[in-house]
Amino acid sequence: MHIPDAYIPLDQAIVYWIIALPFIIISMKWAKNELEEMKVPILAALAAGIFAIQALNIPIGMGTSGHMVGATLVAIVFASPWAGVLVLTLVLLVQGFGFADGGITTLGANILNMGVISGFVGYYTYTTLRRNFSQSLAAFGGAWLGLFVSAIVCAVQMALAGTFPLVPGLKAMGLFHLIIGFIGEGLITSIVIGAIAKSRPDLLEENRASGTERAKEALA
Amino acid sequence: MKAENMKFLYAGILIALVLSVLAPFLASSDPDGLESAAEGVIEESKMAELEEMEPVVGAPMPDYAIAGMGKSGEIAAIVLGTLLVLGISFGFGKLFNKKV
């Protein structure tokens, strides 16, 4: 879903940069105020893994492929969508400047779609589903919806840019990312969260939070 | 720095490097969702025009490849990118974190 320079006129691309910038700055503040120093290796491992897995396009049929985005995964691990924004910003910067995967003028839009929208929708869908469903199902649902909504937003941006006609663009982007979201995002996020929950349950911030709550209850 | 977290980092690096080496062989070369949608909904002449436009800022390894190096160049490009992201995010995290 990396938008190339040619797909968005410069004036609109700048608007997306202006919208994305406060989110990027707050994600840096999140690191400064919330990221524990001992968790830095976790952040770096997730960022490297996401860069690598984004190079692995999965065929979804219809002559189309797609790959994981990963913002929801990072947000769930750190119990904060800002962590997802931060990691995707770093990954997208390297992809844009190093590999021409996504434009530089459109980097703001790409950070907005893949870092902010997919991460926030994914994480808050996860926490909502988590109240009634298992962790793996909630992770699947959150990651899937996060990717799907970001693709819909991307289709609207393409229509505003005059690049795609609105309705056919929405249909094509929606259909492809509905499927990419199932395999590339939902399934992988659910598996990785499951693996972390099993091997390092202490890493998932939500487990630590509930642990503190339990300690508080015990004291009360 | 907790030893267990360093172990997680090493495991993460290993998985990321394995994915980086396999990606040029396993990744589908079909267009991604956005490109495929573009091919489906944009008129051919306009699509050709869009495809001809160069990125505004040139990148050293466009399309995760090194010119003239074939598959080994693709592996090298993705491995380099993975290590770069690793270094940048580690360095960034070291610079910006909650000092306790």
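Start by selecting helix H4 (70-95) of chain B. H4(B) runs for 26 residues and reaches 37 Å from its first C-alpha to its last, close to the 38 Å expected at 1.5 Å a residue (the expected span being 1.5 Å times one less than the number of residues). Helices here are DSSP runs of H or I with at least four residues, strands are runs of E with at least two, and both are numbered from the N terminus.

A word on what you have loaded: this is a predicted model, in which local features need pLDDT of at least 70 and side-chain atom pairs count only at pLDDT 80 or more, while totals for chains, interfaces and linings use all residues. Residues are numbered from 1 along each chain as its sequence is written, and chains are lettered from A and ligands numbered from 1 in the order in which they are written.

Stay on H4(B) and colour its buried residues: B:Glu74, B:Ile75, B:Ala77, B:Ile78, B:Gly81, B:Thr82, B:Val85, B:Leu86, B:Ser89, B:Phe92 and B:Gly93. Buried means that 20 or more other C-beta atoms lie within 10 Å of the residue's own; exposed means 12 or fewer, partly exposed is in between, and C-beta atoms are placed from the backbone. What covers the buried residues of H4(B)? The cover includes H1, H2 and H4 of chain A, together with H1 of chain B.

**Next: H1 of chain B**

Select residues 3-26 of chain B, which form helix H1. H1(B) has 24 residues and reaches 33 Å between its end C-alphas, close to the 34 Å expected at 1.5 Å a residue. Look along the helix for a kink of about 25° at B:Ser20, shortly before the proline B:Pro24 (the bend is the angle between axes fitted to the seven residues ending at a residue and the seven starting there).

B:Ser20 and B:Pro24 are both on the buried list for H1(B), along with B:Asn5, B:Phe8, B:Leu9, B:Gly12, B:Ala16, B:Leu19 and B:Ala23. The cover over these buried residues includes H2 of chain A and H4 of chain B.

**Across to H2 of chain A**

Now show H2(A) beside H1(B). Their axes are 8 Å apart and the helices pack at an angle of about 10°, with axes being lines fitted to C-alpha atoms, for helices over the stretch in contact, and angles running from 0 to 180 degrees between N-to-C directions. The two helices are therefore roughly parallel to each other (angles under 35 degrees count as roughly parallel, over 145 as roughly antiparallel, 65 to 115 as roughly perpendicular and the rest as oblique).

To see who makes the contact, pick A:Pro41, A:Ile42, A:Ala44, A:Ala45, A:Leu46, A:Ala48, A:Gly49, A:Ala52 and A:Ile53 on the H2(A) side. On the H1(B) side, the partners include B:Phe8, B:Gly12, B:Ile13, B:Ala16 and B:Leu19. Residues are in contact when their C-beta atoms, placed from the backbone, lie within 7 Å. By class, the residues of this contact divide into 16 nonpolar, four polar and no charged. Ala, Val, Leu, Ile, Met, Phe, Trp, Tyr, Cys and Pro count as nonpolar, Asp, Glu, Lys and Arg as charged, and the others, Gly among them, as polar.

Centre on A:Ala48, in helix H2 of chain A. A:Ala48 is buried, with 30 other C-beta atoms within 10 Å. Leaving out residues up to four places away in sequence, A:Ala48 touches B:Gly12, B:Ile13, B:Ala16, B:Thr82, B:Val85 and B:Leu86.

**Zoom out: the whole interface**

Select everything at the A-B boundary: 62 residues of chain A are in contact with 55 residues of chain B. Which element gives the most to the chain A side? H2(A) does, with 13 residues. That side has 42 nonpolar, 13 polar and seven charged residues.

**Last stops in chain A**

A:Met62, with phi of about 55°, is in the loop between E1 and E2 and is partly exposed, with 14 other C-beta atoms within 10 Å. A:Ala79, with phi of about 50°, is in the loop between helix H3 (71-78) and H4; A:Ala79 is partly exposed, with 17 other C-beta atoms within 10 Å.

Finish in helix H5 (residues 107-130) at A:Leu129, partly exposed with 18 other C-beta atoms within 10 Å. Not counting residues up to four places away in sequence, A:Leu129 touches A:Leu137, A:Ala138, A:Gly141 and A:Gly142.

How values were computed:
Two residues are in contact if their C-beta atoms, placed from the backbone, lie within 7 Å.
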